[in-house]
Amino acid sequence: MAAYIVRRVLWAIVVVFVVTMLTFFIFYVLPPGDPARRFAGKAPTEETIAAVREQFGLDKPWYEQYGLFVKNLVTGDEYGWPGLGFSYDTRVPVRDELLNRLPRTLFLVFGAAILWAIMGITIGVISAIRKGGVLDRAAMGFALFGVSAPVFWLGLLVLFLFADTGGGPEQLQVLPGTGYVPFEESPKEWFLHLILPCTILSLLYAAFYARMTRGSLIETMSEDYIRTARAKGLSERDVIVKHGLRASLTPVVTMFAMDVALLIGGAVITETVFNWQGVGSWVLTATFNSNLPVVVAVVLLGAVFVVLFNLLADIAYAWLDPRVRYQ
Amino acid sequence: MSEAATQAAALEPRLRAEPLLEVEHLTKRFPIHRGLLQRTAGYVHAVEDVSFTVGRGETLGLVGESGCGKSTTARLVLKLIEATSGTVKFNGRDITRFSRREMRPLRREMQIVFQDPYSSLNPRQTVGQIIGAPYAIHKTEGSRKRIVQELMDRVGLNPEHYNRYPHEFSGGQRQRIGVARALALSPKLIVCDEPVSALDVSIQAQILNLLQALQRDFDLTYLFISHDLGVVRHISDRIAVMYLGRIVEIAPADLLYSEPRHPYTAALLSAVPKGRVDGAQTGRIVLQGDVPSPVDPPPGCPFHPRCPKAHLIAGKDAVPEVCRTEMPPLGRLSQDHYAACWYPLEPGDELERAAHA
Amino acid sequence: MSIPSSDVLLEVRELDVRFATPDGVVHAVDRLSFSLRRGETLGLVGESGSGKSVTNLALMGLIRGAQISGEALFEGRDLLSLPADELREIRGKEIAMIFQDPFACLHPMYRVGDQIVEAIRVHSDVSKKQAEQRVIELLGAVGIPRPKERIRDYPHQFSGGMRQRAMIAMALVNNPDILIADEPTTALDVTVQAQILELIDRVKTEFDIGVILITHDLGVVADVAQTVMVMYAGRGMEVGRKDDVFAQPLHPYTWGLLESIPRVDQKVSGLRPIQGSPPSLIFVPPGCPFHPRCLHRFSPCDKERPEFRDRGGGHAEACHLSADDKKRLWAERQSRFLEAAV
């Protein structure tokens with residue numbers, strides 16, 4: 001197992017390096033025109049452009065630029081670590097903005113992830129056990145709803161109904177409205193403000209996971225080793241939980257890692273509806289405004305998260321399924 | 001006789017037939033990757049120095065247990081995988097190094113029938129399409145449908161079922177479809193890879209009879225692979241016994257079963273449940289342990305760790321020096337009978353047998 | 001049909017199993033009766049669709065969604081009418097079962113030792129350590145070398161033969177009275193097969209149990225069983241002591257089976273396959289289910305169901321032909337069949 005993990009970690013590091021190269025290439029080298037002008041924001045003055053050229057070393061040969069790029073990332077630039085430069089549009093160092101927004105997105109995504117994992121797997125298991133019954137059909141109906149209902153519609157709907165700023169019946173208005181409240185300010189408010197967006201974000205995924213768990217478990221339950229478990233005299237509950245579930249969770253784990261990683265930069269709609277000021281809405285705005293330093297930063301961030309979570313998924317998979325360790 | 005001469009003699013074709021297939025020193029090794037950097041840590045010796053010939057119109061049975069290399073050999077012969085070394089000659093031509101393009105016209109002459117009638121047929125194609133597919137690849141004249149229906153009739157299927165799908169047929173019928181497909185282009189050689197193993201006993205017999213009838217009518221040559229000794233005896237003219245990637249004995253079928261010379265062959269035959277109820281129950285020859293893995297096999301004869309004859313000669317748990325250190329060549333024991341053993345079985349050898357309850 | 005005996009472990013009477021499917025009712029087992037004595041190996045022989053596996057799964061309560069009727073008396077209780085948890089207590093303890101493909105039958109993600117320990121601790125309250133000790137003992141007894149190390153291995157690290165031995169150990173771990181082996185050697189190599197059959201036989205004697213051996217291979221049955229029952233379309237066709245059945249088979253289906261199997265020890269000129277294929281269990285032919293494929297059918301065969309008739313010494317069959325006719329026909333078939341034998 002240890003050799004497996006070490007191999008995977010080494011490989012992950014290699015991948016991250018390749019990602020930095022590709023990112024650099026796409027944003028710095030490939031596009032035509034003056035890169036300094038591109039990085040200098042909306043309406044740059046000549047001095048700003050010169051400053052940018054100086055800061056990013058854009059008059060140097062490309063390999064030196066790349067070296068500088070990587071060095072900044074690893075050791076930080078004049079604004080701190082990681083060295084992501086300065087956003088000339090919003091006039092703040094990119095890293096400051098990032099460190100402000102990242103926790104919000106992380107809480108949102110992880111909160112939703114926990115919710116959808118629990119909901120999805122539980123519903124999936126019940127569905128699989130009661131295959132064809134009323135509970136199964138209801139669960140799959142819920143899944144269909146969750147997959148089809150647009151997130152922004154759901155978001156606006158629950159805000160309307162449950163938020164104290166909404167227009168719905170007074171009795172239901174128990175939750176606060178949009179916006180994020182930092183934990184340091186008020187743990188209670190922080191938590192309350194998290195409830196709605198996390199739930200909405202998790203609904204879609206819970207639906208997927210319910211279907212997937214159901215399918216995976218149904219397939220597993222027809223395996224021969226399940227029959228052996230029953231032949232040993234195990235209770236049906238033990239057969240399902242100890243023997244069935246473990247074997248059916250492996251595809252779920254893999255998907256889970258990818259889904260969570262992709263949401264770091266991708267929970268755009270939820271963040272917008274709930275005025276969350278997280279990473280997703282940040283990069284959306286930046287893209288429309290051609291605010292390159294921000295875009296580059298988020299691309300790198302997203303890639304790092306994907307690699308990291310894939311690594312965790314691989315390790316979890318190997319822990320679940322010992323056959324994988326010997327590859 | 002010198003080793004080279006013995007080997008050359010082993011390649012002698014049968015008296016009446018010219019060789020259709022000649023295989024010499026065929027070897028296939030699969031590398032194993034291990035460790036942090038996935039370096040090649042060793043090899044699986046799937047097929048090791050295999051030589052045999054199959055005459056026109058003959059059936060050569062290839063028999064052995066799992067890991068012996070019989071299926072790999074079949075695929076090497078058909079060039080479905082590339083050999084590590086050795087040669088394959090088909091109809092006198094050396095096809096070992098033929099490219100895909102060069103092989104294409106030859107493929108109509110060598111076909112295969114697979115083991116599993118359930119997974120070897122495309123479930124989305126009709127029977128007519130499956131059997132007729134070869135005609136699309138190798139252009140033929142005449143109405144394709146008519147030819148296919150004639151073929152279906154030949155193998156015992158109802159030609160009116162031309163448009164049915166595989167799942168509408170039983171296992172035995174699906175295997176007939178597989179046979180028809182193999183026959184479509186009038187091949188010279190058909191490799192049968194465990195064609196009846198997945199079928200019920202009563203259906204097995206039907207398919208075996210069909211294969212024999214077709215061989216007579218179409219002058220087919222079979223390379224018949226199976227682990228079932230009864231089936232192989234029934235259909236083969238000669239049989240080659242394989243162990244750990246090597247041929248340990250080749251002989252005409254009846255001779256192999258009545259006078260096996262290699263200790264492994266004898267053990268294999270004695271292990272088959274024969275159901276003698278006349279009281280003549282001979283005990284099973286005892287073999288220790290499981291079939292070993294073909295990864296980095298021991299030096300000397302691959303069978304020596306389990307060989308009952310070796311123990312007979314050298315005493316319990318001991319093995320003669322030569323068996324342990326040198327690989328026995330496939331030596332000629334009599335006309336057509338070859339065995340790779342330093343101490344082939346002689347009449348009167350009392351091998352250790354299990355007491356039979 | 002009961003054999004008067006002192007030590008009958010299991011007595012099955014009129015077992016009937018039906019499944020409702022969208023295409024109709026599948027009559028998998030049709031009023032089957034047999035018994036098993038201690039120290040005996042009963043060979044249940046049949047091809048696919050004969051009902052041999054379903055019979056035993058029904059006895060163990062491992063079939064879902066089926067209509068089961070009849071009686072299966074074990075230690076004074078009827079297995080078929082026991083409540084689910086009582087049956088569960090018997091399963092894996094007094095009656096144990098091993099299956100065909102040992103690779104698929106062990107959970108790939110748990111250690112072999114842990115899986116066997118689980119079999120113990122489901123039925124008794126022993127500590128993990130004690131259970132492990134017993135597992136090591138048994139693994140050694142079934143011929144697995146270095147059991148102390150091997151219990152920590154995963155199934156994919158065991159070879160086919162060893163996996164089946166481990167399955168046998170798992171079945172024996174609670175000292176059952178009956179061992180049901182469903183095609184235990186079909187997926188194994190011939191030399192390993194011989195070892196496993198020998199092991200099952202030894203186990204039967206040492207543990208003094210009854211064994212039901214399900215197989216399609218008449219050769220296996222002839223080597224290892226004392227009693228044989230030939231099944232077809234969910235019914236028993238012929239039953240009796242192995243020596244009787246093989247020396248003087250009394251049912252055309254048995255004849256067909258014997259003639260269609262290529263023999264290792266004899267060269268026969270041609271195999272005589274049984275015409276046609278096994279019937280659908282939804283539309284079982286009326287009367288005798290074998291009649292469409294039987295070379296000797298005559299007028300009652302497609303109308304009346306033949307009942308079991310005892311021919312003496314526990315040898316019974318279900319066929320309308322008279323005993324004398326059968327002896328004569330079999331003799332005729334034998335001489336024709338072996339005409340060209342070497």
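Analyst: Start with one term: two residues are in contact if their C-beta atoms, placed from the backbone, lie within 7 Å. Keep in mind that this is a predicted model. Its scores are ipTM 0.85 and pTM 0.81.

User: Which residues is Glu238(C) in contact with, leaving aside its neighbours within four places in sequence?

Analyst: They are Val230(C), Val245(C), Pro249(C), Leu250(C), His251(C), Thr254(C) and Glu317(C). Take Leu250(C) from that list. In sequence, Glu238(C) and Leu250(C) are twelve residues apart. In space, their C-alpha atoms are 7.2 Å apart. Glu238(C) itself belongs to strand S10 (residues 235–241) of chain C.

User: Why does Glu238(C) count as buried?

Analyst: Count the C-beta neighbours inside 10 Å: Glu238(C) has 27. The cut-off for buried is 20 or more. Glu238(C) therefore counts as buried.

User: What makes Asn175(C) exposed?

Analyst: Run the count again. Asn175(C) has 11 C-beta neighbours inside 10 Å. Exposed means 12 or fewer, so Asn175(C) counts as exposed. Asn175(C) lies in the loop between helix H7 (160–172) and strand S7 (178–182) of chain C.

User: And why is Glu183(C) called partly exposed?

Analyst: Glu183(C) has 19 C-beta neighbours inside 10 Å. Buried needs 20 or more, exposed needs 12 or fewer, and partly exposed is in between. That is why Glu183(C) counts as partly exposed. Its place is the loop between S7 and helix H8 (190–207) of chain C.

User: What is noted about the phi of Asn175(C) and of Glu183(C)?

Analyst: Asn175(C) has a positive phi of about 55°, and it is not a glycine. Glu183(C) is not a glycine either, and its phi is positive, near 50°. Why note this? Most residues other than glycine have a negative phi. In chain A, Ser290(A) follows helix H12 and also has a positive phi, near 55°.

User: How do you know that chain C is as compact as a globular protein of its length?

Analyst: Compare two values. The radius of gyration of chain C is 21 Å. For 342 residues the globule rule gives 20 Å. The values are close, so chain C is as compact as a globular protein of that length. Chain C holds twelve helices and twelve strands. Its C-alpha trace spans about 65 × 50 × 45 Å along the principal axes. Of its 342 residues, 52% are buried.

User: Which residues of helix H12 (residues 279–288) of chain A are buried, and what do they pack against?

Analyst: Val279(A), Gly280(A), Ser281(A), Trp282(A), Val283(A) and Ala286(A) are buried. The buried residues of H12(A) pack against H5, helix H11 (268–273) and helix H13 (292–320) of chain A. Chain A has 13 helices and two strands. Buried residues make up 35% of its 327 residues.

User: How many residues do chains B and C bring to their contact?

Analyst: Chain B gives 35 residues and chain C gives 40. On the side of chain B, H7(B) has the largest share, seven residues. By class, that side has 18 nonpolar, ten polar and seven charged residues.

User: Where is confidence lowest in chain B?

Analyst: It is lowest in helix H1 (residues 3–10) of chain B, with a mean pLDDT of 49. Strand S3 (residues 59–63) of chain B is highest, at 95. Over residues 7–16 of chain B, pLDDT stays under 50. Where pLDDT is low, the predicted coordinates should not be read in detail. Across chain B the mean is 84, and 88% of residues reach 70 or more. For chain C the mean is 87, and 95% reach 70 or more. Residues 1–5 of chain C are below 50.

Notes. Residues are numbered from 1 along each chain as its sequence is written. Chains are lettered from A and ligands numbered from 1 in the order in which they are written. This is a predicted model: local features need pLDDT of at least 70, side-chain atom pairs count only at pLDDT 80 or more; totals for chains, interfaces and linings use all residues. Helices (H or I, at least four residues) and strands (E, at least two) are DSSP runs, numbered from the N terminus. Ala, Val, Leu, Ile, Met, Phe, Trp, Tyr, Cys and Pro count as nonpolar, Asp, Glu, Lys and Arg as charged, and the others, Gly among them, as polar. The radius of gyration is taken over C-alpha atoms; the globule rule is 2.2 Å times the number of residues to the power 0.38. pLDDT is the predictor's confidence in each residue, from 0 to 100.
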